[in-house]
Amino acid sequence: MPSLAAQTEPDFHHFILTSRDLPASAAAGLAEACARSYGDPARYSIVAERPMPARAALRRFLQRRYPGQTMAQVALDDDDGLAADFVQELRRQFALIEQETPDIGRKLPYFVSYSRGFGLMLRENSGSGPALFRIRYPYINLGLTMIVSDHAKNILAIQHKKAPPKLGVRLIGDPPMYVRGIHDFNDSRVEQSARWVPQRDDDEVRARFPFLFTPEGFVDWAG
């Protein structure tokens, strides 16, 4: 959420899917965090659902709020983040897509994938505290964008590694556009590899990922 609150282009809506079984204290904390981050309640929706496929919950929300509209949907898990200029850069890519493919409306769904980002190592056994690595994963779910006119085909109803190259995609390399939290509780086990390049703390990284840092270094998430 800090990465979304930091966006240089704030014209987007944050859909937050949670459970009806979320404890009241946690639900209150979530509502407070949204209000603190966005201020205007029109900028976000907290939807608490019974157990069901996430794609179905998103479809119902889109059909209710944006009936018949073409949408750009971006996937982001709650332990990951986006560069502060992500939405601004994404809008620039939309303009390029429209220029280069005038009939794009007949070719939806269409994807935008930023392959490069950072892995933020937070595992207790890492030995050296938080560390940032440059990583590259084409069609990674972080920041994967799906432009679609049929709400039944939403970003939570596709296989993120297979659908973009099959249906049509604009694959973009640098600059790094996402940060992936790597900790002991990841749903999908992430292992550091030789392809991961250590990233030093520099002015550019701090400017584009300001939510990761304090003046002294990394934010103390455990505190």
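1. Pro175 is placed in the loop between strand E9 (169-172) and strand E10 (178-182), where helices (H or I, at least four residues) and strands (E, at least two) are DSSP runs numbered from the N terminus. The peptide bond that joins Asp174 and Pro175 is cis, with omega about 5 degrees. This is a predicted model, in which local features need pLDDT of at least 70 and side-chain atom pairs count only at pLDDT 80 or more, while totals for chains, interfaces and linings use all residues. Residues are numbered from 1 along each chain as its sequence is written, and side-chain values use heavy atoms, with hydrogens and water left out.

2. A cis peptide bond is also found from Leu108 to Pro109, with omega near 5 degrees. Pro109 sits in the loop between H4 and E5, and that loop also holds Gly105. Gly105 is exposed, with a relative accessible area of 54%; here buried means under 20% relative accessible area, exposed over 50%, and partly exposed in between, with a 1.4 Å probe and protein chains only. The C-alpha atoms of Gly105 and Ser193 are separated by 40 Å, the two residues being 88 apart along the chain.

3. Leu144 is found in the loop between E7 and E8, and its relative accessibility of 0% makes it buried. Setting aside residues up to four places away in sequence, Leu144 touches Gln73, Val74, Ala75, Phe111, Val112, Ser113, Ile155, Ile158, His160 and Pro164, where contact means heavy atoms within 4.5 Å.

4. Pro164 belongs to helix H5 (residues 163-167) and is buried, with a relative accessible area of 0%. Beyond its neighbours within four places in sequence, its contacts are Phe111, Tyr139, Leu144, Gln159 and Val169. Pro164 and Val112 lie 52 residues apart in sequence, with 8.0 Å between their C-alpha atoms.

5. Which strands are found on either side of the loop that holds Ser115? They are strand E5 (110-114) and strand E6 (116-121). Ser115 is buried at a relative accessible area of 2%, and, leaving out neighbours within four places in sequence, it is in contact with Ile135, Arg136, Tyr137, Pro138, Leu171, Ile172, Gly173 and Tyr178.

6. Gln93 is located in helix H4 (residues 86-100) and, at 4% relative accessibility, counts as buried. Apart from neighbours within four places in sequence, Gln93 has contacts with Tyr114, Arg170 and Ile172.

7. Helix H3 (residues 54-65) has 12 residues and spans 17 Å from its first C-alpha to its last, close to the 16 Å expected at 1.5 Å a residue, the expected span being 1.5 Å times one less than the number of residues. Its buried residues are Ala56, Ala57, Leu58, Phe61 and Leu62. The cover over these buried residues includes strand E1 (14-19), strand E2 (44-49) and strand E3 (71-74).

8. For the chain as a whole, the secondary structure comes to six helices and 13 strands. A compact globule of 223 residues would have a radius of gyration near 17 Å, and the chain agrees with this at 18 Å; the radius is taken over C-alpha atoms, and the globule rule is 2.2 Å times the number of residues to the power 0.38. Along the principal axes, the C-alpha atoms fill a box of roughly 50 × 45 × 30 Å. Of the 223 residues, 41% count as buried, and among contacts with a separation of 6 or more, residues 24 or more positions apart account for 75%.
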